[in-house]
Amino acid sequence: MHNKNLNELTIVESLTLLKEGKISSVELTKACLDQIDKYDNKIKAYITVTRDLALEQAQTADAQIQQLGINAWDSQPLLGIPYSCKDNFSTKGIETTASSNILKGYIPPYESTVTQKLKDAGAILLGKTNMDAFAHGSSTETSDFFTTKNPWNVSTTPGGSSGGTAAAVAANMCIFGIGSETAGSIRGPAAWCGITGLKPSYGRVSRYGVIAMASSTDSPGPLAKTAQDCALIANIIAGKDNLDATTADSPVENYLHSTDHYSLKTLKIGIPKQYINIELEDGVRTKIEDTIAFLKDYGVTFKELDMLDTKYSIAVYTILQRSEVSSNLARLDGIRYGQTRDSFGTEARNRMMLGAYTLSAGYYDAYYAKAQKVRTLIIEDFAKAFKEVDLILAPTMPNLAPKVGISESSPLFGELADVLQEPSSIAGLPAVAVPCGTYNGLPVSIQFIGPRLSEELVLAAGIEYQKINTHHLNFPDLERTTNV
Amino acid sequence: MTQKQEFTIEDVRKIAQLSNLSLTEAELEKYAVMFTQTLDHINVLEELNTENVTETYQVNNLTNIFYDKENTTTLSQTEALANASDTKDGLFVTTGVFENGNA
C-alpha cells in the first residue's frame, strides 16, 4: 500500500495507516477532495461536494484519535474514513435531490438510517452522487442534471442507477461509496466500473430515509474497492430498524469473519443455464468462461441449474416497479417540499403512468396481481435451486459498459440490461458482484447469489475470490482515460 | 389480454389524469408508443399458469410489525414547514382541489 496515493486506499488499508498514526483523517479526506477537484469535471460523479463539512468532520476524527488512540475505533469502526453517498439518501441539512428537478433545493429535515449509522461509526461524508432520477434507469442518463461518465472510458456509461457512486469509487474520489439497488442498481454499476458491490437481502438494511423507488425491493448497500470493505460496511449498516418495519429481525453476523465459516472449495456452486445461454457480449462470455475454469482449477464444484426463463423476471419487475413508483411518487405535490409535478422528467412520467395503468380497476388482476403470483414462482424456483447448491454464480451484466446515449434506444433499456439481477432482486436475495477481468479496457464482473439473509456466505465467496486473483486491484488510469 | 394491445392517445390522456400529470399532445403520442412496447414485454407472463399460486407482496413474510416504544421523536413545526412552497400562520398553504374540474 506504500506506493498508493491516499485516495486509492481501501477502508482496511486506510484504517491500518490511521491506527499506526502514519496518516491523518484530514490527509485522507483532502486526498479524496483533491482527486474530485482534479477529475470530477470529466467524470461528473458528484452532485454536491460537502467539502467544508468533510474537513471539519476529519479534524474532529483526528482529535478523537489523538485523545483516545487505538481505542477510538472501538465504538466508531469507520472513524476518519471518507465516503460518497448516492443522492437518494436523506441527509439532514444537506440538499438531497435523487437527481430530480422536482426535489431540487430540498433540504431533508431528518437523516436516513444508513447515513446515521455511518455517521455514528465515524465515517465522513464527502458528498452526494449522481444517479438516474429517482433511480429509474441503469446509466445515470435519466438524471435531470447530467450524465456520469465511466472512469474506464469516458465515452461509456458507468451504469446505474448508483452510477455516480460507482464512478466515484472507481476514480478513487472516495474510499468507499453507498448506493441502493431495486434490481441491478448496485451490481450493474459496480460491474461496469470494475469495483465490488454488495446487494443485501431485502430487509437486511433499513430503507428509512431513502427516497423510495419500488418499496418491495429497494435495498441499500455498499460499493467499494474490495469485498472485504463491503463486509466491513455491511457490519455497520445491516440490522433491524424500528423506523423500517420491513427490516429483518435476524441477527447480523460479523461479515469480516465470514471466510472463517465458508470456503469456496467446500461449496457447491450452481450456474443456471438461463443466465449463460443468453446473448452475452463476446468479451463477457470469454471472461466468464475463464473465471469458471479458474475456479474449477481452484477446486470449486459446479453444477448446471435449470431455472425459470429470465424474461419472466423482466416482466414481473417492470410491472411491480412501475406500480410501486406510481404510488411512491404520487406524494410529491410541491406543497410540503419539492417543486410542482410539471418538473418530473420523461422517465418518471413514463413509470408513474404505466404504474397507474397496471394498478387501475380492470387491469389490477391481469398485471399487478399476476406479477405477484409469478414472484412466488420465482422465489420457489430459487428455493429449489438452493436445495441443490449453496450459491449461484452468473455474469453480473450481459455486456460491457455501452456508449453514453444507449438508454435512449429503448424504453426498457434498464430492464433488459439488468436481466441477470432481476430474478434475485424480485426474490429479495443477497449477491456480491466482483470484477473478473477486463476486455478491451472495460471491466467484466461475476456475481455470487445466495439464499435470503446469506450475506455472510456471499461475502465469504467474494472475499475468498479476491484472495486468489488480482482483478479487483485494477483501476483506470484517469490521466489517460479523461484526456480523450 | 391475449391479443396485442395498443395504447391510444386517449388511453394515455386518462392515465396522465390519474397520475396528476399534464402532457402535451406530442408527449401523449410518444408515451402511447412507449407503453405499447412495454406491454409487449410484460404480456409474456400469460405463458405461466398461476391458477393455484398465491401472491407474494413482501418477501420477508413479516406481518403486523409494531413500534415497541411509546414516545418517538418527530419533526418540529418549523422543520416540517422548512421546505414548503408557501406557508401561513405556521401551516402549509395547499392548492384548491375543487376548482380544477377533476374533483
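Which residue of β3(A) does S84(A) stand opposite? In this predicted model, in which local features require pLDDT of at least 70, side-chain atom pairs count only at pLDDT 80 or more, and totals for chains, interfaces and linings use all residues, the residue opposite S84(A) is G127(A). Residues are numbered from 1 along each chain as its sequence is written, while chains are lettered from A and ligands numbered from 1 in the order in which they are written.

Strands β2 (residues 82-86) and β3 (residues 124-129) of chain A pair in the parallel sense over five bridges. Helices (H or I, at least four residues) and strands (E, at least two) are DSSP runs numbered from the N terminus, and two strands pair if DSSP finds at least two bridges between them. Both strands belong to an open sheet of eleven strands in chain A, with mixed pairing and the order β1-β3-β2-β4-β6-β5-β10-β11-β9-β7-β8. At its edges stand β1 (46-49) and β8 (301-305) of chain A; each has a single partner strand, so one side of each lacks a neighbour in the sheet. On average, neighbouring strands of this sheet are turned by 30° against each other, direction ignored. Helix α11 (residues 282-298) of chain A packs on the sheet, where it touches β8, β9 (391-395), β10 (431-439) and β11 (442-449) of chain A, and its direction makes about 110° with that of β10(A). Axes are lines fitted to C-alpha atoms, for helices over the stretch in contact, and angles run from 0 to 180 degrees between N-to-C directions.

Helix α2 (residues 25-43) of chain A bends by about 45° at D37(A), the bend being the angle between axes fitted to the seven residues ending there and the seven starting there. Buried residues of α2(A) include L28(A), L33(A), I36(A) and Y39(A) (buried: 20 or more other C-beta atoms within 10 Å of the residue's own, with C-beta atoms placed from the backbone). Just after this helix, K44(A) takes a positive phi of about 60°.

Chain B has three helices and two strands, in the sequence pattern α-α-α-β-β. Its C-alpha trace spans about 55 × 45 × 20 Å along its principal axes. Of the 103 residues in chain B, 13% are buried.

The contact between the chains takes 49 residues from chain A and 41 residues from chain B, where residues are in contact if their C-beta atoms, placed from the backbone, lie within 7 Å. On the side of chain A that touches chain B, α12 (310-328), α13 (346-359) and α14 (365-388) of chain A each supply at least two residues; α14(A) gives the most, with twelve residues.

Terms used:
Two residues are in contact if their C-beta atoms, placed from the backbone, lie within 7 Å. A residue is buried if 20 or more other C-beta atoms lie within 10 Å of its own, exposed if 12 or fewer, and partly exposed in between; C-beta atoms are placed from the backbone.
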